[in-house]
Amino acid sequence: MTNSYSLAVLPGDGIGPEVVACALEVLDAAEARYGFATRRETLAAGANHYLATGELFDAVEAPLRAHDAILFGSMGDPRVTPGILERGFILEMRQRFQQAANVRPVRLYPGVPTPISGLTPERCELVIVRENTEGAYVGRGSTVHAGTAHAVAMQESLNTRAGIERVVDFSFRLALGRRRKLTLVHKTNILVAAGQLWQQVVAEVGASYPEVEVDYVHVDAMCFHLPLTPERFDVVVTDNLFGDIITDLGAVIQGGLGVATSANLNLDGTAPSMFEAIHGSAPDIAGTGTANPAGAILSLALLLGHLGEGEAARAVEAATVEVLGGLPALAGPDMGATTAELGSRIATIVREGRADAALVPDSLLGVLAGLAPSRLAD
C-alpha cells in the first residue's frame with residue numbers, strides 16, 4: 001500500500017514562491033522514485049493576500065490543521081508595516097499550533113565555502129534548538145509619552161517552566177541520539193530570574209539523561225565560540241530571542257542564509273509542524289531567478305524525515321549537497337544557474353536515484369527521527 005500524506009503549501013512573499021516551486025519539483029521526483037504520494041493544498045497568505053483582504057492567520061488556521069505538515073516559503077514585504085505579518089501570522093501559527101521547538105541544523109557541507117578560515121565539515125555539525133513560543137516574542141509591551149522626548153518603552157519576556165521543560169527534554173533526547181552533549185546558552189549573570197529557571201530545568205531534566213554531558217555558555221561568549229570552535233557543540237538549547245540571533249550566525253558559518261533550513265515542531269502531534277528555509281522574502285531579488293533554493297529543498301528533506309520517509313529524505317539532502325558543492329557561488333547571478341535550473345538539477349538526481357548518500361553520512365534525519373511525532377491527518 002502506498003503511503004500518502006496531506007501537505008499544506010504556503011509559498012508566501014518575495015522569493016518564497018520561487019524556492020517553494022523548486023522544492024515541490026523535488027518532491028515530485030522523490031514520490032516517483034520512492035513510491036509515496038502527497039495531497040497538496042496551496043493556501044494564499046502573506047503581503048498580497050493581507051493587502052487585498054486584511055486577513056492573517058485566522059483565515060487559514062482551520063484548513064492548515066487538516067494537514068500532516070506545512071511547507072512554508074517566506075513572508076515579509078516593505079508595503080506592510082513591520083510586525084503585522086510576523087506577529088499576525090508567523091507567531092500566531094507557532095502559538096496556536098504549539099510549534100514549541102525551532103530546530104536549526106548548522107552543518108558545513110563538503111564543497112560549500114565558508115567565511116571561517118580553515119573550517120572543515122568535520123568540525124561543523126551541530127543542532128540549535130530554540131524555544132519557539134515564549135520569551136520576548138510573546139511578552140507584552142507598552143509605550144508611554146510616545147513621540148516626545150520623554151517616551152518610555154517597556155517589553156516583557158515570558159518564561160514558563162512548562163514551556164522550557166518541553167524543549168529541554170526534546171533537546172536531551174536529540175543529544176542522546178547524537179554525540180551526547182547538550183549546551184545551554186543564556187545570559188544568567190544579567191537575566192537572573194529567567195536564567196535561573198532555565199538552569200534549574202536543565203539540571204532537573206538532565207538527571208534523567210545521565211549519558212548526556214551538560215555545558216553552559218553565555219550568549220555573548222557563544223557568538224565568539226560558534227564561528228571559531230563549532231566542534232565544541234552538539235545540541236544547543238536556548239531561549240527564543242537568543243536562538244533567533246545565534247542561528248543566523250550559524251547560517252553564515254555554514255555558507256549563508258540561502259543554504260540553511262529549519263523545522264518548527266509540534267512535539268506532541270496535536271497540530272502540524274512547519275518547515276521553512278530561514279532566509280527572508282528578499283523582495284529586491286524576487287522574480288530575478290537568482291535566489292538559492294537549497295534552504296527550501298533541505299526543509300523538504302526535514303519534512304520528509306518527519307513524516308517517516310527516511311530514504312527519500314536522505315536522497316533529497318544528498319542531491320542538494322551534490323549540486324551545492326559544484327556551484328561557483330552560493331547566491332546571485334554568480335551561481336551560474338537560475339533558481340529554477342538548480343531545482344531541476346536536484347530533482348533529476350533524486351528521480352534517477354543518483355544521490356550519493358556518502359555525502360551525508362549523518363543525515364538531517366538524525367535531527368527528527370522518532371523525536372517529534374508527525375500528525376497524520378485522518
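1. Phe-89 is buried, its relative accessible area being 2%; here buried means under 20% relative accessible area, exposed over 50% and partly exposed in between, with a 1.4 Å probe and protein chains only. The model is predicted, so that local features need pLDDT of at least 70 and side-chain atom pairs count only at pLDDT 80 or more, while totals for chains, interfaces and linings use all residues. Residues are numbered from 1 along each chain as its sequence is written, and side-chain values rest on heavy atoms, with hydrogens and water left out.

2. Aromatic pairs come to four in number, when rings of Phe, Tyr and Trp (its six-membered ring) are paired if their centres lie within 6.5 Å, with planes under 30 degrees apart counted as stacked, over 60 as edge-to-face and the rest as tilted. One of these joins Phe-57 and Phe-89, whose ring centres are 5.4 Å apart with planes at 85°, so the pair is edge-to-face. Phe-57 belongs to the loop between α2 (47-53) and α3 (61-65), and Phe-89 to helix α4 (residues 84-96), so this pair ties together parts 32 residues apart in sequence. Helices (H or I, at least four residues) and strands (E, at least two) are DSSP runs, numbered from the N terminus.

3. Phe-57 is buried, with a relative accessible area of 0%. A further pair sets the ring of Phe-57 against that of Phe-97, with centres 5.4 Å apart and planes at 75°, so it too is edge-to-face. Phe-97 lies in the loop between α4 and β4 (101-107) and Phe-57 in the loop between α2 and α3, so the parts tied together are 40 residues apart in sequence. Phe-97 is buried, as is Phe-57, and ring pairs link Phe-57, Phe-89 and Phe-97 into a cluster.

4. The charged end of Arg-130 sits over the ring of Tyr-137, at 5.3 Å from its centre, by the rule that NZ of Lys or CZ of Arg is within 6 Å of the ring centre and within 35 degrees of the ring normal.

5. Helix α1 (residues 16-34) has 19 residues and reaches 26 Å from its first C-alpha to its last, close to the 27 Å expected, the expected span being 1.5 Å times one less than the number of residues. Its buried residues include Gly-16, Val-19, Cys-22, Leu-27 and Glu-31. Among the elements covering the buried residues of α1 are β1 (4-12), β2 (37-42), β3 (69-74) and α9 (294-307), where contact means heavy atoms within 4.5 Å. Just after α1, Gly-35 takes a positive phi of about 75°.

6. Strand β3 is mostly covered, six of its six residues being buried. It pairs with β1 in the parallel sense over five bridges, where two strands pair if DSSP finds at least two bridges between them, and Leu-7 has Ala-69 of β3 as its bridge partner. With strand β12 (residues 273-277), β3 pairs in the parallel sense over four bridges, and Phe-72 has Glu-276 of β12 as its bridge partner.

7. The structure holds zero disulfides, a disulfide being a pair of cysteine sulfur atoms within 2.5 Å. For Cys-124, the closest cysteine sulfur, that of Cys-223, is 15 Å away, too far for a bond. Cys-124 is buried, with a relative accessible area of 0%, whereas Cys-223 is partly exposed, at 35%.
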